[in-house]
Every structure is written in C-alpha cells, then in structure tokens.
Amino acid sequence: MKVTLERLPESRVQLEIEVDDERLERSLDAAYRRIAKRNRFPGFRPGKAPRAIVERAYGRQGLIREALDDLVPDVYNEAIEAQDVPAIGQPELQIDSLEPLRFKAIVPVRPTVELNDYRSIRVEREPVEVTPDMVDQQLEALRKRHATHVPVDRPVQWNDILIADVSATIDGEEVLRDDGAEFQLRDGETLFVEGLAEAFLGLEKGKSRTFDITFPDDFHIERFRGKTATFTITVHEVKEEQLPALDDEFAQSINADEFPTLQALRERIEADLRRTLEEAAENRFRTAAVDKLVEIATIEYPRILVEHEIDHLIRDAMGNDRQQYLAYLQTIGRTEQEFRETWREAAETRVKRSLVLEKLAEAEGITVSAEEIEQELDSLVAPMGDDAERFRQMFATEEGVATIRRNLLSRKTLERLSALARGELQEEQA
C-alpha cells in the first residue's frame with residue numbers, strides 16, 4: 001500500500017492510503033466467501049456458490065464494499081503503525097475511490113505543548129486581612145443558626161419564617177405549585193422571581209393574595225422568559241426569628257470547654273477565618289500561575305479532548321441517569337447540543353491547564369516515588385482506626401494507586417509552579 005501523511009491544524013494527521021490491487025483481490029475473495037456462507041444461491045449448498053455467481057448477484061462494487069469492512073481497519077492500523085502516528089481517537093474516514101481503493105483517514109493525535117520561557121513567570125499573591133467586621137459577621141451567622149422561631153400574630157415582615165402555598169399559571173396553565181413551603185423572607189434575596197418575596201409583606205396568617213408578575217427576558221427558565229404569570233399565595237403561619245444575646249453564655253452554649261468566654265470564641269473565629277482566607281488566596285494564586293503558564297505556552301490539541309472534557313463536566317454535574325438528564329433539559333428548554341455548548345469554555349480551560357501542567361512535570365523532572373505513594377496511603381487510612389487495613393487494601397488496587405500517583409504528581413507540580421511564580425527558584429535558575 002502507498003501512504004501519504006499530512007499534518008493538519010488542531011493536532012490532526014491526514015493519511016491518504018492507496019491499497020495495491022493484489023491485496024484488494026485477496027480481500028474480495030474473503031468477502032465473497034463470507035457472503036456465500038450467509039446467503040442462499042439457487043443450485044448451491046450454503047458456502048459453495050462460486051465467486052462468479054456471488055459477484056453477479058452483488059455486483060463488483062457490492063463485493064468491494066463488503067471487503068472494506070475488514071480491509072480498511074486493517075490497512076489503517078498498519079499505516080499509523082508504519083508512520084508512527086500517535087493516534088488518540090477514532091479516525092474520520094472518506095473513501096475516494098473503489099478501484100483502485102483509495103481513502104483518507106483524518107485522526108486526532110497527541111497534543112503538542114511548548115512551555116517557552118516558563119521560568120520567567122511571576123505572580124503576586126494577594127495579602128489576607130481579617131477585620132473585626134468580618135468576625136462580627138461570622139458571630140451574627142452563629143446567632144442565626146442558634147435562633148429560635150416563635151409564632152407571631154401580625155403581618156409578615158422581612159426575616160420572618162413563613163409556611164405558605166405558592167402557585168402560578170401562565171395562560172391558564174399551571175406552571176408552579178408548592179404547597180406548605182417553609183422559607184425565610186430575606187430582604188434583597190429573590191424568591192424564584194423578582195417581586196414574589198415582596199408580595200408576602202403585610203399579609204397575615206390565613207390571608208391570600210393574587211397578582212401578576214412578568215418574567216424578565218433573561219430568566220433562567222427559557223420557556224418563561226417575557227411571559228406574564230398569575231401568582232396566588234396563601235400564608236398559613238408566620239414565625240419571628242429571635243436571636244440569642246451575644247455574651248459569654250452564648251459562647252459557652254457553642255462549646256463550654258473550648259469557649260468559656262465570648263473573647264475565646266472571637267479568637268477562634270478569627271483564626272478559622274484567616275486559615276480559610278489564606279487557603280482561598282493560595283488557590284487563586286496557583287490558578288493565576290497556571291493561567292499565566294497557559295498564556296505563554298504554545299498549545300495545539302485535538303477537539304476530541306474538549307468533547308471528552310465536556311462529557312466529564314456534564315456527568316459530574318448531572319450524574320449518570322440519562323432519563324433524569326433529558327428531563328432536566330426539557331425543563332430548561334434546551335437541546336443536548338445547546339447545553340453542551342454552555343460547558344465548552346470551561347472544558348477548554350481545563351484541557352489547556354491539564355496539558356501545560358503535564359508538560360511542566362515533564363520539563364522539571366517531577367516524579368512520584370513508591371515511598372511517597374506509601375506515605376500518602378498511610379495518611380489516607382490513618383483516620384479509619386480499626387478499619388485502616390481494610391481501607392488500605394481498597395486504596396492499594398492498581399486503579400487506586402494510579403489515582404494516588406496522579407494526585408501526588410499534580411500536587412507536586414503545582415507546588416513547583418508556585419515556587420517559580422514566587423521567584424523562589426531564581427538562584428537555581430541562575
């Protein structure tokens with residue numbers, strides 16, 4: 001066979017393949033025998049009809065098309081092996097001619113990544129500050145979690161907890177019904193649609209109200225956009241939120257051993273806030289460093305990687321229940337392709353980040369040793385107590401060890417990139 005190779009954009013390779021007549025003839029003979037076995041020809045036992053009879057019934061081109069089922073995959077596989085093509089997906093095939101047999105195969109291949117001057121990357125890490133107001137906000141949230149809800153006999157106000165029925169119709173068709181719903185009415189928070197929360201204000205227990213709301217053009221449910229719905233609300237119960245006093249007794253109610261005073265509680269909240277903010281700042285710093293690495297790199301990759309990443313993102317978000325997924329699409333009024341497009345940008349970003357980090361690990365010679373995997377296994381099973389050994393056996397499978405290796409490699413690579421971005425490796429670089 002003759003093979004011509006051409007490299008295409010987006011990490012693709014086109015192979016133009018021409019099969020020699022002798023090989024085609026051998027494939028035609030095999031195809032004839034397959035057809036003869038599975039079909040009846042008058043005057044001949046199954047599998048005994050001569051080729052001329054079979055070819056007269058199917059035609060030469062029909063025989064060739066039967067031969068292609070086995071011939072094309074075999075020839076294609078031989079071609080990519082001979083040309084050392086690093087294929088990572090199925091090819092797009094196009095038959096150009098049957099006699100002589102010529103066809104094209106466009107196949108996605110491994111991405112190519114050039115990091116360029118990656119050691120020059122520098123990123124500023126934002127400072128972290130914990131203010132008294134931030135501590136006060138956390139204390140207020142704690143008070144709300146320990147608040148009591150007391151029934152009241154008065155009109156509805158902001159921050160009340162309601163038990164109510166809510167229904168809505170559009171052009172006589174019921175589009176919403178939620179009976180006995182319990183929720184808190186918070187000022188500034190939208191309840192399903194703008195204007196619904198405000199409609200509860202002033203209503204008393206046992207009272208109803210009917211009113212119209214027009215959905216905005218950018219409403220999250222497409223089929224409701226721009227339409228006017230008639231809402232009916234009925235209040236069954238009104239409760240008032242009563243917060244505990246902010247004093248030492250309140251701190252002790254959280255944990256008397258750890259927080260004998262309100263000041264002790266404030267100090268713990270401040271420390272927890274600082275740790276959380278430091279972790280968030282470090283994550284943003286690392287993300288910025290990876291994005292900088294992507295920015296200066298030269299990356300070429302096949303579209304199939306993005307499509308696979310979209311599959312992963314949707315599966316993570318929606319689960320594996322396809323019927324439930326399709327029902328959700330119907331609810332939001334989108335086709336599968338439209339929904340996939342909403343994930344494309346995120347998928348492309350993830351693919352690029354993954355590729356540059358993989359290349360960085362290679363460039364910096366970052367590896368994971370068996371000892372590091374063992375240490376990671378120890379840390380994973382340590383909290384399991386008496387079940388530690390059982391969990392170790394679960395994690396120590398081939399798949400589990402591969403996952404641990406990937407996670408460790410990713411962690412070490414990000415740590416290396418962070419050191420580069422901080423300028424901590426200038427002396428080594430010099």
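This is a predicted model: local features need pLDDT of at least 70, side-chain atom pairs count only at pLDDT 80 or more; totals for chains, interfaces and linings use all residues.
Student: Why is asparagine 116 called partly exposed?

Tutor: Asparagine 116 has a relative accessible area of 44%, and the class is settled by the cut-offs (buried means under 20% relative accessible area, exposed means over 50%, and partly exposed lies in between, with a 1.4 Å probe and protein chains only). Residues are numbered from 1 along each chain as its sequence is written, and side-chain values use heavy atoms, with hydrogens and water left out.

Student: Where is asparagine 116, and is its phi positive or negative?

Tutor: Asparagine 116 sits in the loop between β5 and α4 (132-145), where these names stand for DSSP runs numbered from the N terminus (helices are H or I with at least four residues, strands are E with at least two). The phi of asparagine 116 is positive, about 60°, although this residue is not a glycine. Most residues other than glycine have a negative phi, and most peptide bonds are trans. Phenylalanine 192 has a positive phi too, of about 70°, and is not a glycine either; its place is in the loop between β8 (173-184) and α5 (196-200). Phenylalanine 192 has a relative accessible area of 30% and therefore counts as partly exposed.

Student: What makes the peptide bond from glutamate 99 to proline 100 cis or trans?

Tutor: The omega of the bond from glutamate 99 to proline 100 is near -5°, and this bond is cis. Proline 100 belongs to the loop between β3 and β4 (101-108).

Student: How do you know whether serine 27 is buried or exposed?

Tutor: The relative accessibility of serine 27 is 14%, so this residue counts as buried. Serine 27 belongs to helix α1 (residues 21-38) and, leaving out residues up to four places away in sequence, touches Ala67 and Leu71, where contact means heavy atoms within 4.5 Å.

Student: What class does isoleucine 88 fall into, and why?

Tutor: Isoleucine 88 has a relative accessibility of 32% and is therefore partly exposed. The residue lies in the loop between α3 (60-82) and β3 (92-97), and its contacts, apart from neighbours within four places in sequence, are Pro108, Val109, Arg110, Pro302, Ile304 and Leu305. From isoleucine 88 to proline 73 there are 15 residues in sequence and 15 Å in space, C-alpha to C-alpha.

Student: Why are α10 and α13 called roughly perpendicular?

Tutor: Two packed helices are described by the angle between their axes and the distance between the axes. For helix α10 (residues 336-363) and helix α13 (residues 398-422) the angle is about 80° and the axes are 10 Å apart. The axes are lines fitted to C-alpha atoms, for helices over the stretch in contact, and the angles run from 0 to 180 degrees between N-to-C directions. Angles of 65 to 115 degrees count as roughly perpendicular, while those under 35 are roughly parallel, those over 145 roughly antiparallel and the rest oblique. The two helices α10 and α13 are therefore roughly perpendicular to each other.

Student: Which residues of α10 and α13 meet, and how many of them are nonpolar?

Tutor: From α10 come Leu357, Leu360 and Ala361, which meet Leu409, Thr413, Leu414, Leu417 and Leu420 of α13. This contact of α10 with α13 holds 7 nonpolar residues, 1 polar residue and no charged ones (Ala, Val, Leu, Ile, Met, Phe, Trp, Tyr, Cys and Pro count as nonpolar, Asp, Glu, Lys and Arg as charged, and the others, Gly among them, as polar).
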